Amino acid sequence: MKFFGGEPQHLETEEKPHSAGENLETQKEKALQSLEIERSVKLIGNANNKRINEVFLVELHGDGSAIFKPASGEKFPFDWAGELYKNERASYLVDKFLGFNLVPTTVIREVNGEIGSMQEFVFESTVGLEIDDKLLKTNYRDALKKMWVFDYIVWNGDRHDANFLVNSDGLHAIDHGLTFVREHIQPSIYEDFYDESMPEDIIRNLEQFSDSAEQQNLLRQAMLEILNERTVDACLKRIEFMAAILKKYKGVIPKSLKPSLNY
Ligand SMILES: Nc1ncnc2c1ncn2[C@@H]1O[C@H](COP(=O)(O)OP(=O)(O)OP(=O)(O)O)[C@@H](O)[C@H]1O
Ligand SMILES: [Mg+2]
């Protein structure tokens, strides 16, 4: 049994963490797109938290596991049901082009005739809510700051402590069905990070991205395949705005700007 016992199976396609500007389809994307599905198990949640939208754990032939969310299993929110899987992929694209390395590789593909998002499975992880707040803020401070900037850029309406995982590789942001679509919610955990230096790599990556018309265009084109122009351009504007803030204020987001970030 590979899912719940024995040795965890990672997607074996070894590759370096993606860097800002990387735009080619990665080996992991290709694997998630094309590997045969050996088995699929529906995750049902627990008694206190019945899952509304369908989530499947799938086993890929010979090479790891993934989380599949079919469009047909999206029930909530009603006005966006059937579209959420696109936001999962678009959020991954933003992460990939900005080189944030927070979001597990995510593609769109069909499984048994159903289209949906497929995301690399994060093994041996603990969900955020199981970690003490103080410990989280000490051990994962830079990653949380990064996720704050990322959540602003993708306009995440659903970041809470059950929507990120940590393991020995660091922090992994999951569940991006409710990005781009509605009110942006700032979890209280981010409040501490105003007026504090942001991690250097994201300052550099945002600067590089905002200096490269080519990268902006590539991300724009990739996102336009799945989202509408208004949504995509609003996202690119948020990237530009965030890059400008970090440049102007030397790597910090001043608390005085809180209203401009629409929190
Ligand atoms: N990439 C992943 N790797 C490992 N586990 C994952 C991954 N994505 C999702 N999960 C697991 O599946 C659960 C549900 O996934 P997700 O939060 O994306 O869906 P959801 O529809 O919002 O469900 P919920 O209502 O429980 O939040 C997560 O809490 C996590 O345990
Ligand atoms: Mg969730």
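Tutor: Happy to! A residue is near a molecule if its C-beta atom, placed from the backbone, lies within 6 Å of it. By that rule, 17 residues surround ligand 1, and Asn 53, Ile 67, Val 122, Ile 174 and Asp 175 are the closest. Two elements each give two or more residues to this shell: strand E1 (37-46) and strand E2 (49-60). E2 gives the most, with 4 residues. Strands here are DSSP runs of E with at least two residues, helices are runs of H or I with at least four, and both are numbered from the N terminus. Sorted by class, the shell holds 10 nonpolar, 5 polar and 2 charged residues. Ala, Val, Leu, Ile, Met, Phe, Trp, Tyr, Cys and Pro count as nonpolar, Asp, Glu, Lys and Arg as charged, and the others, Gly among them, as polar.

A word on the model itself: it is predicted, so local features need pLDDT of at least 70 and side-chain atom pairs count only at pLDDT 80 or more, while totals for chains, interfaces and linings use all residues. Residues are numbered from 1 along each chain as its sequence is written, and chains are lettered from A and ligands numbered from 1 in the order in which they are written.

Now for the chain around the ligand. The protein chain has 7 helices and 8 strands. Its C-alpha atoms fill a box of roughly 50 × 40 × 40 Å along the principal axes. Of its 263 residues, 35% count as buried, meaning that 20 or more other C-beta atoms, placed from the backbone, lie within 10 Å of a residue's own.

Definitions and conventions. Buried ≥ 20, exposed ≤ 12 C-beta atoms within 10 Å, placed from the backbone.
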